[in-house]
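Reader: Before we look at anything, could you show me how to read a predicted protein model, one feature at a time?

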Amino acid sequence: MRPVPRGRGSADPNLRDRLYELLEHDPLAYSAGSRFIQVIIGVIVLNVAAMILASVPELDAQFGVVFSAITILSVFVFALEYAARLWTVAGHTQRKGSALSDRLGYAFSALGIIDLMAFLPASIVLATGRHATLAALGVLPFFKLIRYSPAMRSLLAAVQAERRALIGCIVILIGAVLTFASLLYAIERDVQPDKLGTIPQAMWWAIVTLGTVGYGDVVPVTPLGKLVSTFAIISGFAMIALPVAIISTAFAEEVKRRDFVVTWGMLARVPLFSHLSAAEIADIMRLLRARTIEQGEILVRRGDAASSMYFITAGEVEIALPSQHVHLTDGTFFGEIALLHKTKRSGTVTATRKTRLLVLDAQDFHALIARMPTLADHVHTTAKARLADSGDLAAAELAQAEKDDTDR
């Protein structure tokens, strides 16, 4: 996890830093931050559902007070969250500006505008008493889920990254609409003056045709007009395919980039890799795969064949050995002794809470320590220490595992 800079100009910067971590950090399920996210998502779902149901006259007449109370509660929660984010963002941006510039940067960012629109329009409508308008605004809080959905954030980032290409597509589309509308106007204006007598009227036909919607309310009747319409329909496929291809490619690249950053951040929390260079970490990243196990889930059982080494990036596991139970938490690793000695697993590993792991397969493990002597020394040193302390694999269990393997 990256270090959090201290806030500037605050009477209690520690409080602001802690609150910022609560609001912005992507935590595991057992943390306070995760519970906060669950509360916000619950309020969003409740608010949107209330707005939808309030549009039904029968339900509104019976439960109108409940719907209004939910709306007021949602507005209060979203406004409080927005104020907290506006306060805590100072000193936590990449820019080295003032607290005011940090807050303005958040306020005018995409997520900041979404956070504001989640409660401001509803607040105004509540004050004016326009109930029907309030129901129409109920969908706005839904967009707050962008903040809590990695997929939606990646899509938003992809659109932002390809905005110039998408603007180019819009310009091309406008040019195509004007071109086909002008052609059909010139061909059909005398035949259908009520529908295609002006270029703006012909533009409606061009838009629905290029969009492959084809309402059928305006269609050419002359042979030349039908020929132009044929080319317009074919061009419409390209008009749709072009932005779709741009967004889908950018979205796939953004997902890969996000996964790379997430994996890099997970590696950075493992002390074993802290001394490695960027090139070495990138080399290791190609070998590791991420895995998440839920609380109470058994990762490996005693007697299983040793096939992987595990790095804990966040969470906790319990290793049940015959003589004791060992707890390992963030930044630690296990499973290396069984791989080094090519024995069976000596203990059963169970997650005591939701845990994120990086998994290194046995073949890749041996190849990695063969080409990275420093890393190999660290692994062997840790393995010897654990054998001496009866931590990951006690000497007695090791001897028993080797005996069992010989007997077979």
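Reader: Does Thr355 count as buried or exposed?

Author: Thr355 counts as buried, because its relative accessibility is 0%, where buried means under 20% relative accessible area, exposed means over 50%, and partly exposed lies in between, with a 1.4 Å probe and protein chains only. Keep in mind that this is a predicted model, in which local features need pLDDT of at least 70 and side-chain atom pairs count only at pLDDT 80 or more, while totals for chains, interfaces and linings use all residues. Residues are numbered from 1 along each chain as its sequence is written, and side-chain values use heavy atoms, with hydrogens and water left out.

Reader: Where does Thr355 sit, and which residues is Thr355 in contact with, leaving aside its neighbours within four places in sequence?

Author: Thr355 belongs to strand β8, which covers residues 355–361; helices (H or I, at least four residues) and strands (E, at least two) are DSSP runs, numbered from the N terminus. A contact means heavy atoms within 4.5 Å, and once neighbours within four places in sequence are set aside, Thr355 is in contact with Arg291, Thr292, Ile293, Ile312, Ala314, Gly315, Glu316 and Val317.

Reader: Which backbone oxygen does the side chain of Thr88 reach?

Author: The side chain of Thr88 reaches the backbone oxygen of Ala84, at 2.9 Å. Thr88 lies in helix α3 and counts as buried, because its relative accessibility is 1%. Not counting residues up to four places away in sequence, Thr88 touches Arg16, Leu19, Tyr20 and Leu23.

Reader: What about Thr332: where is its place, and which residues does Thr332 touch?

Author: Thr332 is placed in the loop between β5 (325–328) and β6 (333–334), and at 23% relative accessibility it counts as partly exposed. Setting aside residues up to four places away in sequence, Thr332 touches Tyr310, Phe311 and Ile312. Its C-alpha atom is separated by 9.4 Å from that of Ala314, which is 18 residues away along the chain.

Reader: How many helices and strands does the protein have?

Author: The protein has 18 helices and 8 strands, and 38% of its 408 residues are buried. Among contacts between residues at least 6 apart in sequence, 69% join residues at least 24 apart.

Reader: How should I describe two helices that pack together?

Author: Two packed helices are described by the angle between their axes and the distance between the axes. Axes are lines fitted to C-alpha atoms, for helices over the stretch in contact, and angles run from 0 to 180 degrees between N-to-C directions. Here, helix α10 (residues 163–188) and helix α12 (residues 199–210) have axes that come within 8 Å and cross at roughly 125°. The two are therefore oblique to each other, since angles under 35 degrees count as roughly parallel, over 145 as roughly antiparallel, 65 to 115 as roughly perpendicular and the rest as oblique.

Reader: Which residues of α10 and α12 meet?

Author: Leu173, Ala176, Val177, Leu178, Phe180, Ala181, Ser182, Leu184 and Tyr185 of α10 meet Ile199, Ala202, Met203, Trp205, Ala206, Ile207 and Leu210 of α12. By class, the residues of this contact are 15 nonpolar, 1 polar and no charged, where Ala, Val, Leu, Ile, Met, Phe, Trp, Tyr, Cys and Pro count as nonpolar, Asp, Glu, Lys and Arg as charged, and the others, Gly among them, as polar.

Reader: At what angle do α3 and α4 pack?

Author: Helix α3 (residues 57–88) packs against helix α4 (residues 99–107) at about 140°, with axes 8 Å apart, and that makes α3 oblique to α4. The contact is formed by Tyr82, Arg85, Leu86 and Trp87 of α3 together with Arg103, Tyr106 and Ala107 of α4. Its residues are 5 nonpolar, no polar and 2 charged.

Technical notes: Polar contact = N/O pair within 3.5 Å; in protein donor to acceptor, adjacent residues only side chain to side chain.
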